[in-house]
Amino acid sequence: MRVLLLEAGRDYPLTFSVPLASFRFTPPYQWRYRTTTQTGLRGRSLAFPTGKVVGGTSSINAMIYYRGPAASYDRWEQFGNTGWSYRDVLQYFRKSDEFVSRPQHIAAFSQSFVDACMETGMRRTDDFNGPQEEGVGFYAVLQRDGRRAGAATSYLDPARRRSNLQVRTSALVRKILLEGNRAAGVELLNGETAFAAGEVILSAGALHSPKTLMLSGIGPADHLKRIGIAARVDLPGVGEHLLDHLHVPVLYGSGQRSPGAHLYWPVAAIQYAIRRQGVLTSNCCESGAIVSTRPDFPMPDVQFVAHFQSPLAPNAVDLEVCLLPHSVPGTVRAVSDDPTALPEVDPKYLVDDADVACAIRGIRLAREIAQAPSLRRFPLHAEILPGKRTSSDADLAGYVRATADSGHHHAGTCKMGNDPMAVVDRFLRVHGIECLRVVDASIMPDIPGGNTCAPVLMIAEKAADLIRSGER
Ligand SMILES: Cc1cc2nc3c(=O)[nH]c(=O)nc-3n(C[C@H](O)[C@H](O)[C@H](O)COP(=O)(O)OP(=O)(O)OC[C@H]3O[C@@H](n4cnc5c(N)ncnc54)[C@H](O)[C@@H]3O)c2cc1C
């Protein structure tokens, strides 16, 4: 088997392997999306960064490795995707184990957050990916020896010297070439073509995969007609069902300077250079909690991510509340046949008041945690956001709509299943097209209740097995 890997962005720079320095939104290495203005967010439009670099977003993300609750995957199977229950996919999650480690650096705030949560009655978990999914603890990270271990370094680098692999960067795929109903290859922006003896695997992420399908004439026929593209296969689900997680800041002044302050960088750089240890191995959010604020909801609905510093205020810490339900899915749509035009992204955030109510429960819980002895001792100073005076449900709802931001967990836009809106089947093959698979966050039939990188790696591992087994 020979593989040609095409990446629109550049190669992975070595500096990206230093964790604290790397999960920055560095311009040439990211796509600069914005959402449409969101009614649920008081007319705001959110920035939507994703990686434009070898390794994709796993090369610029915050490295948290959290699979999400087992029940998320059992639901995937209940949607008709046999072979995708947690019991089935666990073996593929485990293949990433060698790239996952405990955080090496634990800031005083991260530890105090864990202790404070336990003082409010939460259970401690040693491993969010183990049998006790709910509780408070430290997040595992995709790191090896203090370096980022994303898709580029963990999976691609060891294979780079193989004679059957060619990696081409700055190679933007314009569209998939179809011969009848078979994917024959791809056409690049510069007009070059590449033909596949086997199959074409589309892994452009939850925003670009649906766009690329649409530019190839695969998608909702009425929309394709509107933008002047001849429909080859009418697949109404392409670009539908966009899901994401929102988060809201709960900010407190801190009695301690952040260990990530630039002042400490010279010492940190020496410590990192000699031993690959210290704050430079950190992602700023070392601890957190997974909680159910609504007993009747089938899964945890709030994730706390405790940041020991915040871009929103100097000397502040953030007990960030991530709301896991996204009740009304959004859409991604190509706007023309221009492959360089970014698609229109409308996540339809907070259309359902139930999602706002979930965020409010999370904020109230964060306030309770902040009052617990360990965080008082840390010490936490005054609440900066939402601010003590923002306390009624109506005030907090206004705060949530005014400040919620994307957790960058876009998923679901080429969802797997058998219903009329499904785009791929359980073997990840695009319905109605031969020799074309989608392998990325877009195939998720529902977003797992947690971060999305671990599930994407699992999907890729399972896809590798499906491809190897010749299941076309
Ligand atoms: C700032 C940030 C922090 C995050 N932190 C975490 C975290 O801590 N933990 C976690 O689990 N998740 C995190 N995530 C989310 C997670 O990283 C992503 O969900 C996941 O990496 C998505 O993988 P993917 O393969 O679907 O898409 P991507 O990783 O986005 O890969 C798509 C690739 O395709 C390329 N591409 C797109 N279009 C074309 C084209 N036409 N031709 C050629 N190439 C193309 C892109 O350049 C990109 O390299 C974070 C995301 C962001 C943005």
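Author: Welcome! Let us begin with a term: a residue is buried under 20% relative accessible area, exposed over 50% and partly exposed in between (1.4 Å probe, protein chains only). What you see above is a predicted model, in which local features need pLDDT of at least 70, side-chain atom pairs count only at pLDDT 80 or more, and totals for chains, interfaces and linings use all residues. Residues are numbered from 1 along each chain as its sequence is written, and side-chain values use heavy atoms, leaving out hydrogens and water.

Reader: What makes Arg401 and Asp353 a salt bridge?

Author: A salt bridge needs a side-chain nitrogen of Lys or Arg within 4 Å of a carboxyl oxygen of Asp or Glu. For Arg401 and Asp353 the N to O distance is 2.8 Å, so the pair qualifies. Arg401 lies in helix α11 (residues 393–403) and Asp353 in helix α9 (residues 353–371), so the bridge ties together parts 48 residues apart in sequence. Helices here are DSSP runs (H or I) of at least four residues and strands (E) of at least two, numbered from the N terminus. Arg401, at 17%, is buried.

Reader: How do you know that Glu240 and Arg333 form a salt bridge, and which parts of the chain does the pair link?

Author: Their side chains come to 2.4 Å, N to O, which is within the cut-off. Glu240 sits in the loop between β15 (233–234) and β16 (246–248), while Arg333 is in strand β21 (residues 331–333), 93 residues apart. With 22% relative accessible area, Arg333 falls between the two limits, so Arg333 is partly exposed.

Reader: How many salt bridges does the whole structure hold, and which residues share partners in a network?

Author: The search finds 20 salt bridges. One of them joins Arg429 to Asp425, with the closest N and O atoms 2.7 Å apart. Shared partners also join Asp11, Asp157 and Arg160 into one network.

Reader: Which element gives the largest share of the shell around the ligand?

Author: That is α12, with three residues.

Reader: Why is the pair of Phe109 and Phe113 called tilted?

Author: The search finds 13 aromatic pairs. In this one, the ring centres are 6.5 Å apart and the planes stand at 50°. Rings of Phe, Tyr and Trp (its six-membered ring) pair if their centres lie within 6.5 Å, with planes under 30 degrees stacked, over 60 edge-to-face and the rest tilted. The angle lies between those limits, so Phe109 and Phe113 are tilted. Both lie in helix α4 (residues 108–119), four residues apart, about one turn. Phe109 at 2% is buried, and Phe113 at 0% is buried too.
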